[in-house]
Amino acid sequence: MSGLDYETVARFAQQGGLIYFGAIFFAGIGYALWPRNGEAFRRLAQLPLEKDEDDHV
């Protein structure tokens, strides 16, 4: 029997997926907390509170 059975492939896929999504998560956190992006995020956070000139209710 080869070493490539279902349990081995499943374990590899689970661990690989965890590492992949962990890397994507930490890349997103790093992007959001990067000092150069701070002003843009502060401006975008205030966008829903601004009064729109042509309110369409």
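Trainee: Why is asparagine 37 called buried?

Mentor: Buried means under 20% relative accessible area, exposed over 50%, and partly exposed in between (1.4 Å probe, protein chains only). Asparagine 37 has 11%, so it counts as buried. Keep in mind that this is a predicted model: local features need pLDDT of at least 70, side-chain atom pairs count only at pLDDT 80 or more, and totals for chains, interfaces and linings use all residues. Residues are numbered from 1 along each chain as its sequence is written, and side-chain values use heavy atoms, leaving out hydrogens and water.

Trainee: What makes isoleucine 29 partly exposed?

Mentor: Its relative accessibility is 35%, so isoleucine 29 gets the label partly exposed.

Trainee: What makes tyrosine 31 and phenylalanine 41 an aromatic pair that is edge-to-face?

Mentor: Rings of Phe, Tyr and Trp (its six-membered ring) pair if their centres lie within 6.5 Å; planes under 30 degrees apart count as stacked, over 60 as edge-to-face and the rest as tilted. By this rule there are three aromatic pairs. One of them joins tyrosine 20 and phenylalanine 21, edge-to-face at 5.1 Å centre to centre with 70° between the planes. For tyrosine 31 and phenylalanine 41, the centres are 6.1 Å apart and the planes 80°, again edge-to-face.
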